[in-house]
Amino acid sequence: YYFAADPYISLGKRGRTSHDIRFRLQSSENRFAVRRENNASSASIYGEYQFWYRFSEVISLTAGFSETWSTIRSNFFGDHHGLNLAAFAQGEIHPGSRLKITGGVRVEQNFLDSDADRLVPVFRTGLNFQAARHTFLRASFGQGYRYPSVAEKHASTTLGSVRIFPSPFVKAESGWSSEAGVMQGFMTGRISGEGNLSVFLSQSRDMIEYIFGLHRDPVSGISDLGFKATNVEQSRIYGTELEMLLSRPLGKMTATLTGGYTYIHPVEFNANTGRSTGVWLKYRRKHTAKVSLLVVGERFEAGIDIYARSKTLNIDQVFLEASTRETILPGFYDYWQEHNRGYFLIDGSVGYNLGEALKLSVSVKNITNTEYMGRPGDIQPVRNFSLRLGGRF
């Protein structure tokens, strides 16, 4: 079963001050009739108090604190409890009608069972400038910090023939990210829309990734092949992203064209030399794109989505080395050499409102029946059709 509740209270004077108290109560339990070693139950309580105050038309402040308490009882995680405590504050300045500057800090500490992590401050800042009526420039910089999850530290199980090893000594990952961008709105005749272009750079230290290889179980002392959460020394990802939206009325219907393209350059990074090591981060793709067209009328709508992705840059070497590749996934090496290519996917849908309460829709996924993989051994679904009748009462 799964249970969640989100009570909240909000008080304040409009435009001047506000007090918000939010909670999230969550509980779940999984029981398997056959594989009882995967049974698990968990519960968590999240609470946050947030205060906002506007000193003047120029300056405002947001501050508060939060806590997240969680507990888990699991045959393959073990029994654990965790606590995250944090305090935060952010100031916002409007020195002019076209410029907004923000800056903030968050201080947090994590506890897992009897282990207490260090007190960690992270900072962020950003600005937004309206250069013209429909032109907006922005820039931001922010630090990040992530404490390992219970699964990354303590999960010990099998997925089919693949083992997942616990990693109790995996370290927290930290880093920073920056972005600069421009958004341009426009209208030409009956066509309106906007374009958004950004460039970004992020760098991480001790980034956590699941590495496939020969690992030693810290409890049994037995070495076997499988996945284990491991810290990558450092990583750097830079790239660019372009998004577009166009809309045009067509009689009693409206056509909307949206699209996006992302390019990334994800590499391991050597802090001593200040340069890339030339090793790609695993399971990343350089190019990702999507284009969608949606036509909506009073009772009818139709849409088509086109996806494009380039090949996977790097995978765990154990899948490719001659000494291990045939024992892990027999036949995979030859398949990977032939099929690790870029691919296109096309999805389509048609819907019709039968009335105010009922809607009938038909959708087709992977229209061209493209064969592709998300990761080694994970062949994605072939073409499929679905018919749906939905209602609102």
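How many salt bridges does the structure hold? I counted twelve, taking a salt bridge as a side-chain nitrogen of Lys or Arg within 4 Å of a carboxyl oxygen of Asp or Glu.

**Ground rules**

I am working on a predicted model, where local features need pLDDT of at least 70 and side-chain atom pairs count only at pLDDT 80 or more, while totals for chains, interfaces and linings use all residues. Residues are numbered from 1 along each chain as its sequence is written, and side-chain values use heavy atoms, with hydrogens and water left out.

**Overall**

I started with the chain as a whole. Its secondary structure comes to three helices and 22 strands; these are DSSP runs numbered from the N terminus, helices being H or I of at least four residues and strands E of at least two. Along the principal axes, the C-alpha atoms fill a box of roughly 70 × 55 × 55 Å. Of the 393 residues, 30% are buried (under 20% relative accessible area; exposed is over 50%, partly exposed in between, with a 1.4 Å probe and protein chains only). I noted an accessible surface of about 23800 Å², with 58% of that belonging to carbon and sulfur atoms (Shrake-Rupley method, 1.4 Å probe; for residues, only the protein chains shown count as cover). For contacts (heavy atoms within 4.5 Å) between residues at least 6 apart in sequence, 54% join residues at least 24 apart.

**Salt bridges, one by one**

I looked up Arg284 and Glu209 and found their closest N and O atoms 2.4 Å apart. This pair links distant parts of the chain, with Arg284 in the loop between S17 and S18 and Glu209 in strand S14 (residues 191-216), 75 residues apart. Arg284 is partly exposed at 21%, whereas Glu209 is buried at 10%.

Next came Lys359 with Glu301, a salt bridge with closest N and O atoms 3.1 Å apart. Lys359 is in strand S21 and Glu301 in strand S19 (residues 300-309), so the bridge ties together parts 58 residues apart in sequence. Lys359 has a relative accessibility of 30% and is partly exposed; Glu301, at 28%, is also partly exposed.

I then checked Lys365 and Asp347, which form a salt bridge at 4.0 Å between closest N and O atoms. Here strand S21 holds Lys365 and strand S20 holds Asp347, so the parts tied together are 18 residues apart in sequence. Is Asp347 buried or exposed? I have it as buried, at 12% relative accessibility, while Lys365 is partly exposed at 42%.

I also noted a salt-bridge network linking Arg146, Glu152 and Glu173.

**Nonpolar core and surface patch**

Which residues have the most contacts inside the largest nonpolar core? They are Phe212, Phe319 and Phe332, in a core of 15 residues. My core criterion is buried Ala, Val, Leu, Ile, Met, Phe, Trp, Tyr and Cys residues joined through side-chain atoms within 4.5 Å. Helix H3 (residues 332-339) gives the largest share of this core, three residues. Leaving aside neighbours within four places in sequence, I found Phe332 in contact with Ile315, Phe319, Met373, Pro376 and Gly377.

On the surface I found a nonpolar patch with about 1200 Å² of accessible area together, including Leu250, Phe300, Tyr352 and Phe393. Patches take residues with over 30% relative accessible area and no salt bridge; like charges are joined within 9 Å, and nonpolar side chains (Val, Leu, Ile, Met, Phe, Trp, Tyr) within 5 Å. The largest share of this patch, three residues, comes from S21. Val362 is in strand S21 and is partly exposed at 39%.

**Aromatics**

I found six aromatic pairs. Phe51 and Tyr53 have ring centres 6.3 Å apart and planes at 10°, so I logged the pair as stacked. The cut-offs: rings of Phe, Tyr and Trp (its six-membered ring) pair if their centres lie within 6.5 Å, with planes under 30 degrees apart stacked, over 60 edge-to-face and the rest tilted. Ring pairs link Phe51, Tyr53 and Phe55 into a cluster.

Asp113 is not a glycine, yet I read a positive phi of about 55°. Asp113 is in the loop between strand S7 (99-112) and strand S8 (115-116). His154, in helix H1 (residues 150-154), touches residues including Asp113, Phe76 and Pro166. From His154 to Phe76 I have 7.8 Å, C-alpha to C-alpha, and 78 residues in sequence.
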